[in-house]
Each structure stands twice: as structure tokens, then as C-alpha cells.
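Good morning. Please have the sequence and the 3D view open while I talk.

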Amino acid sequence: MKKQILLTVLPLLLLCLLRSASYAQEVKNANCPNPAGGCDTIAIEQKISPWRVGGFIGPAAAFCGKWSSTFNSSKYRDKSLFNGIGFHAGLNADYFFNVKRKKQFKFGVGAVAGLQMFFLRNDLDIFLDNIIAQSGSSNAVIRKGSSEDHYLAAGPVISYAFGKKPRSPFIEASVRGGVFRTTPAAIFVYDGVTSNNIYSVTATDKRYHAGLLATLGVFFPSKKGLWSWGVEAAGFRTKVDYIFPGATIYSYQRKHGGFTAGLAFRRNFVRDIPIKKDPTPPLLCEAPDLELMMNGKSIKGLIFSTLDSTKADSIQITWKSRSILDSTKSETFTARLHQLNGGMDSVIAQVICQKETKMAWPAAYLNPATGRPVEGQYYITVQSQQISSCASCISEAATTGFSVQKPDVIKIKEPNCFKQCFLEVYAYKKVKVKRVKYGKSPTSCVGCICPVDTISKTISQYHLLGTVKKDNCDASKLDLNSETANIKIPKWATTIYTSVETVVAGDCDGIPQGKNKINYSAPVKKGKVGVFNRAYQKK
């Protein structure tokens, strides 16, 4: 008995050791966190880059120096523009001279490039209708286009955060000067018959003017502080040149400006900077002391029977650290309980990277009547992991287990018998075929074999009509006419045949085992099949 127990326990312990070696690799890479950095004297610190980019988009309104010049229709000269609502978009890049994380006030310089377009106001149509009516033309043609601006400006920018945290909202203001390329509204009215000019406004060759752009916005950083979203308002001021072509050319230069408000964003960048770091001493992890108890006794390596109906206390799975810790280290444990049953290895309970030194046995794997584990082989693995400021280690796995088995039962095999019959029903049909006859040619060449004649020949062609398979059948008791009654017989058939193949295996009341085949034939008259008789092969 002791020898049998030893032969059963040794494979179980060997399997536990192999599983522990594999889990030592898996847990190290997949389950427990590793500290950032490494145990060397160089570390990487992320610092905010002094560069920042941004963008803006929103509706815009033109402003021509003063309110009456913009919207008062009695001003003849400014009627030529009729600038209304449009849109404004721009991109900017800024460089800040002091970008410490907790610094609230920042100063820098930057550049912005953008474009804007102002659509023509509706009262332009009323104005043009009056001009056309005064000209007396009845075939006037109107062509018109909106004004637009492109600009590039540079200047100082300031930023002030309301707090010292990375996610603190901040306001930003800038004043930039640069070059504006302005194309005024184009309006052409002429007579469609005579092509005479009635009223026109167009740009001159002087498109570029100095200009000024001012912005003010409030922004709210994202979670990591790299992106910031907010609202921004801007105003610009420049000049524009345009002419009234005709018999007399009138040239004008006037103030051009506007304001806009919309959505804006800012994008900060971070860069990696190497810094000096003090070396950290290495760590040494040792496998914990693992204990497995039931009823106050150790059950390591034991085998239990499923027929044992005595009550049992709950199973205690505990372990104890063998490492010496200090304030610079922390230790956690990873424990797994496995069940081997039916060739399957399943993890039925686990504790991953926790400080607990015990694990409960799952209730689903206990017999509710006795409190004992259900049938199967069980083993436990426990590993220790230590983490310091820059290093970590994982110990080898401590492992143990036990088994719950059913007693062996001798089963007497009952004799069995296998009998099967397979019938093939077929017929032969007379068909004529042509065959080429070859012989020596007297004209082609000496000794050549060539086709010299084509002759007809009648042959019997095999046709399979159907098959029948029967299990547990006795070939000597088969009624072939009944078994083949569902098989369709063609009109041309005068005789049908069937081959009965029997297979016998096992103890079948003295019937010889093996495979046997017998052929039968039956005449067919007016579509009806006669009695099958055994057909003997002619020798």
C-alpha cells in the first residue's frame, strides 16, 4: 500500500515543480507591475518644451474704421465693400522663455498665419438695383465676389494660469504685427447688349499693407495638460485699396478691420532630458514557506478517497515571507490553486500581487455534506515579488498539493455481436459501340499500322440501380424481393442482380466471423421482378 501511495505522489509532485517553473516566467511578465526606470545612475525626466502651437476658427465681422463707415448705407464710398458676416481661421506657433511647471506667468514671442473672408451684405442688391434703374438699362448683368484677407504676423504673447497645477485654466493675450494681403469685394455691373460699364468696383495692384492683430482667450487644459481647449476673441486693423473703373477712374484707400470670436486650441510638447540618479541596491526574493492544513494537520502530498464520509474542517492555505524588508521595499504575493481532472489543468482560485498571506478554498470544489474536496488532483503555487523605487524581483514558486481519488472498480466486459448486410442492386444493358480496326497500310509506308476500318460491336454495360444497408441482420433470413422493393427498375432491364455482402464480428451465436459475399439474380417481366435465385459464376 505504501509503495502504491509513493508511486502516485511522486508524479504529482514532479508535475507541481514543472508548473511552478513555467509560472515563474508567466507571472513575472504578465501579472505584477514593474517600476519605471532602471537601477542605473541615469534617469529620464520629462520636461515641457518651450514651443507650443495652436489654432482658431470662428465667425467674423468686418469693421471699417467706425460704425457709420461699416453699416451706414448713406456712405457712397464705403458702399463698394458691403462687407458682412464671414469666417476667420488661423494657426500660430509660440516660444516661451520660462516654462517651469508651476510657474503661473509666462512670456514669449510667436507668429500666426491665417485667412478670413467676408460675404457681401444683402443690401448690396438694393443698392445695385437703384444704380441700374438710374442707368436706364434693361439688360444689366451683375457679377460679384466676396472680399478676403491672408496675413502673417509676429509679436509678443503672455499667458497667466489661475493655479499651479497642470490642469489649471489660463488666459492668453497677444499683440502681433505683420503683413496683410487684402482683396476687396469685386462688383461688376454692365449692359448685356452693349457691354457698357454701369457700375464696377475692383482691386488695385496694391494688395499688401502693414497690419495689427490682437487676441485674448481663456483655455482649459486636458487631463495630461498637453492639449488645451477654449474660446478666443481677436481684432485686426489694416488698409485696403480699390478703384471705380469707368470713363473716370476713382482710386481709394481706406481703413479695413474687423473682429472675430470662436473656438481655439493649444498644444504643448514634452521632451525627455537625462538626469543624474543615485544607484539603487539590487533586490533578492526568496520563495515563501507554504503550508496546507485540514483538521489541524498538514495534508501535503496525501491521497484521500471519495468514499470517506467523515466531516472535515475547512482547508487553510497559508504562507509566510522569508525576506527581510525595510521602508524602501514592498512585498506582495501571487498564489494560484490548480485542479487536475480529466486531463485538464484549471486555475480554480488565485490571489495576484496582494499582501495577503492566505487564500480561501473555493466552495464550489467542496462536498457540501462532508466539507471535503471533490475528486481531482490539486496543487498550489506561491511566489513573492519585491519592488523598490527602481527595481523588482520575483522568487521561485513554492508548491505543494494533494489528491482526492475514487477507488478502482473492476468492470467485466460483456460480449457483443456485430452483424451487417450490404446489398448492391444492378443490371446490364446491351449497347452498341464503334471500334476502330488497325492494320498494315499498303500505301502509306512499309510496316506502318493505320486505321483501316470501323466496326460496330454490342457490349453489356453495367448500371448500379441502388444499395441497401441493414444492421444486425441474418443473411440466411433475408427476403431479397422485399428488401429491394423500393428500388426503381428501368424498362430496358430483363434481369437484375444483387450482391449480398455480410460482415460478422464478435460472438454471434456460433456464426463464423469475417466477410462473405453471395450474388443473386431475378428475371424482370413487364416491370415486375421475379424471385431471386443464387447466381453462380461460370468457370
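Glu286 and Arg322 form a salt bridge, with their closest N and O atoms 3.6 Å apart. A salt bridge here is a side-chain nitrogen of Lys or Arg within 4 Å of a carboxyl oxygen of Asp or Glu. Glu286 sits in the loop between strand 11 and strand 12 (289-294), and Arg322 in the loop between strand 15 (316-320) and strand 16 (330-341), so the pair ties together parts that are 36 residues apart in sequence. Helices (H or I, at least four residues) and strands (E, at least two) are DSSP runs, numbered from the N terminus.

This is a predicted model, in which local features need pLDDT of at least 70, side-chain atom pairs count only at pLDDT 80 or more, and totals for chains, interfaces and linings use all residues. Residues are numbered from 1 along each chain as its sequence is written, and side-chain values use heavy atoms, with hydrogens and water left out.

Buried means under 20% relative accessible area, exposed over 50%, and partly exposed in between (1.4 Å probe, protein chains only).

The next pair is Glu483 and Lys470, whose side chains meet in a salt bridge at 3.1 Å, N to O. Glu483 belongs to helix 4 (residues 480-483) and Lys470 to strand 23 (residues 449-471), so this pair links parts that are 13 residues apart in sequence. Glu483 is partly exposed at 23%, and Lys470 is partly exposed at 29%.

How many salt bridges does the rule give? The count is ten. One of them joins Arg266 to Glu172, with the closest N and O atoms 3.0 Å apart. Arg266 is in strand 11 (residues 250-276) and Glu172 in strand 6 (residues 170-183), so the parts they tie together are 94 residues apart in sequence. Arg266 is buried, with 2% relative accessibility, and Glu172 is buried with 1%.

Last, the loop residue. Thr370 lies between strand 18 (358-360) and strand 19 (376-387). Its relative accessibility is 10%, so Thr370 counts as buried. The side chain of Thr370 reaches the backbone nitrogen of Arg372 at 3.3 Å. That is a polar contact: a pair of N or O atoms within 3.5 Å, where within protein one must be able to donate a hydrogen and the other to accept it, and residues adjacent in sequence count only if both atoms are side-chain atoms.
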